[in-house]
Amino acid sequence: MMDTGPAAKEGATGPVAVQADRKGADPGRVLLDGLRGADPGLVLVFGADGSDLTALDAVLRAGLPDRCVIAGCSSAGEIGPAGYATDSIVAIGFPSAHFRATALVLPRLDSLPVSDWMAALRRLHAGFGPDPQRSLFGLLLVDGLAGQEDVLVATIDAALPSVPTLGGSAGDGLSFRQTWLLAQGQVITNAAVFLLVETDLAVSEVTFAHFSPTATRVVVTAAIPEKRRILELNAEPAAAEYARLTGIAPDALTPSEFARHPLLLRMGRHHHVRAISAQTEDGGLSLMSAIDTGTVLTLGRAEDMTQGFAEALASLPRPPLMVLGFDCILRRLALEREGLGDQMSDLLIRYRVAGFNTYGEQHSGMHVNQTFVGLAFMPGTDPTAPRAA
């Protein structure tokens, strides 16, 4: 077990992150021993999948207070007290003295029961009365292979426009076969878990993407939107045209190369990443976000991945007790390819970041890729303290 560093040792009131070896002896017991002292009202578990999540949930439920909400998902990597990790399980306990939470399962992503989701979300919100001394925010965990994040986040934003919501898409390492979610004592797929959380700590959103647009633009001339697949760019086979534009040999198109040269979608004054996950057998490109025929995309250029991230966290008004982070697996791959993995881990440790590597991130009513999205929790609230925004 590892704690979150000096803040945990000093008895800070923020969330507590603990970590266990996924293949070690009794990881559930290790996590439970580290969480008990926080008396958590909410526990998030990242890294386990399938039957492992079921076993973890049983151990945690038996050892934590009945009122504690337990939720989590499988991941493409973990962020724990020692920075980036693999084959581990990270659990984050949110002390009941400062956090109140409730969970809602949004099922049947394949059939998109949007009206049912909106009604359930509004009923959930009605249970939290307005309190000027407390921040209210939403957390979203979603099946990262269902391909419905764009509709889902738009639905949540429409149902709860006053509630800032962030989250991540569950992962499956680099296998992209199946992802798992945990909520209300059940392990599920083809679903999302929405958590409504209230706290008396100061809360501030942190987002960072390390790309800027180049002058190279392309048009999606053929696509299969329901599969998030581009068949043609500029009326040419998509993978071949992408390889020509980036100068990469077609047989060298790997996840790491895709991570270095993403496609960007402009919305308003901002560009958002439409990350590529794989080249398809028919010469197309599979994306991790929505795409449609006629979309104009811009080729992205990577900027400094560590300095900009450090500047984003250093701009917080106070040192965080902890930052709950959702970090795209493609960002991590790009960092490791450039030999910057350890440097980024040092930053994650310094700013007490805990969370997981995702198949996509959600914030501000949008589903994005290759972006770090997080919530920083800071001590105290006052009229000038930042709210979740």
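Visitor: What makes the residues around Leu44 and Phe46 a nonpolar core, and how many are there?

Guide: This is a predicted model, and its largest nonpolar core has 36 residues. The ones with the most contacts inside that core are Leu44, Phe46, Ile92, Leu139, Leu195, Leu324 and Phe377. The name applies because the members are buried residues of nonpolar types, joined through side-chain atoms within 4.5 Å.

Visitor: Which residues is Leu44 in contact with, once its neighbours within four places in sequence are left aside?

Guide: Leu44 is in contact with Ala71, Val90, Ala91, Ile92, Phe94, Leu139, Leu195 and Leu324. There's also a second, separate core, with 34 residues, including Phe208, Leu316, Ala334 and Val353.

Visitor: Why is Ser289 called buried?

Guide: The cut-off is under 20% relative accessible area, and Ser289 is at 0%, so it counts as buried. Ser289 is found in the loop between β20 (285–287) and β21 (296–302).

Visitor: What does the side chain of Ser289 make polar contacts with?

Guide: One partner is the side chain of His367, at 3.5 Å. Another is the side chain of Asn369, at 2.5 Å. The limit for a polar contact is 3.5 Å. Not counting residues up to four places away in sequence, Ser289 touches Asp150, Arg228, Val273, Arg274, His367, Val368 and Asn369.

Visitor: On to the rings. How many aromatic pairs does the structure hold?

Guide: Ten. Take Phe94 and Phe99: their centres are 5.2 Å apart, with 75° between the planes.

Visitor: What makes the pair of Tyr242 and Phe258 tilted?

Guide: The ring centres of Tyr242 and Phe258 are 5.6 Å apart and the planes are at 55°, so the pair is tilted. Stacked needs under 30 degrees and edge-to-face over 60, with the rest called tilted. Tyr242 lies in helix α6 (residues 238–246) and Phe258 in helix α7 (residues 255–260), so the pair ties together parts that are 16 residues apart in sequence. Tyr242 is buried at 2% relative accessible area, and Phe258 counts as buried at 1%.

Visitor: Which residues do ring pairs link into a cluster?

Guide: Phe94, Phe99, Phe137 and Phe377.

Visitor: How do you know that the charged end of Arg100 sits over the ring of Phe128?

Guide: The charged end of Arg100 is 4.1 Å from the centre of the Phe128 ring. The distance limit is 6 Å, and the charge must also be within 35 degrees of the ring normal.

Visitor: What makes β14 and β21 paired strands?

Guide: Pairing takes at least two bridges. Six bridges join β14 (residues 211–224) to β21, and the two run antiparallel. One of the links is Val219, whose bridge partner in β21 is Val296. Strand β17 (residues 263–267) is joined to β21 by two bridges, also antiparallel; there, Leu264 has Thr298 as its partner in β21.

Visitor: Which residues of helix α8 are buried, and what do they pack against?

Guide: In α8 (residues 307–314), the buried residues are Gly308, Phe309, Ala310, Ala312 and Leu313. They pack against β13 (202–208), β22 (322–328), α9 (329–337), α10 (341–350) and β26 (372–378).

Terms used. Residues are numbered from 1 along each chain as its sequence is written. This is a predicted model: local features need pLDDT of at least 70, side-chain atom pairs count only at pLDDT 80 or more; totals for chains, interfaces and linings use all residues. Side-chain values use heavy atoms; hydrogens and water are left out. Buried means under 20% relative accessible area, exposed over 50%, partly exposed in between (1.4 Å probe, protein chains only). Contact means heavy atoms within 4.5 Å. Helices (H or I, at least four residues) and strands (E, at least two) are DSSP runs, numbered from the N terminus. A polar contact is a pair of N or O atoms within 3.5 Å; within protein, one must be able to donate a hydrogen and the other to accept it, and residues adjacent in sequence count only if both atoms are side-chain atoms. Rings of Phe, Tyr and Trp (its six-membered ring) pair if their centres lie within 6.5 Å; planes under 30 degrees apart count as stacked, over 60 as edge-to-face and the rest as tilted.
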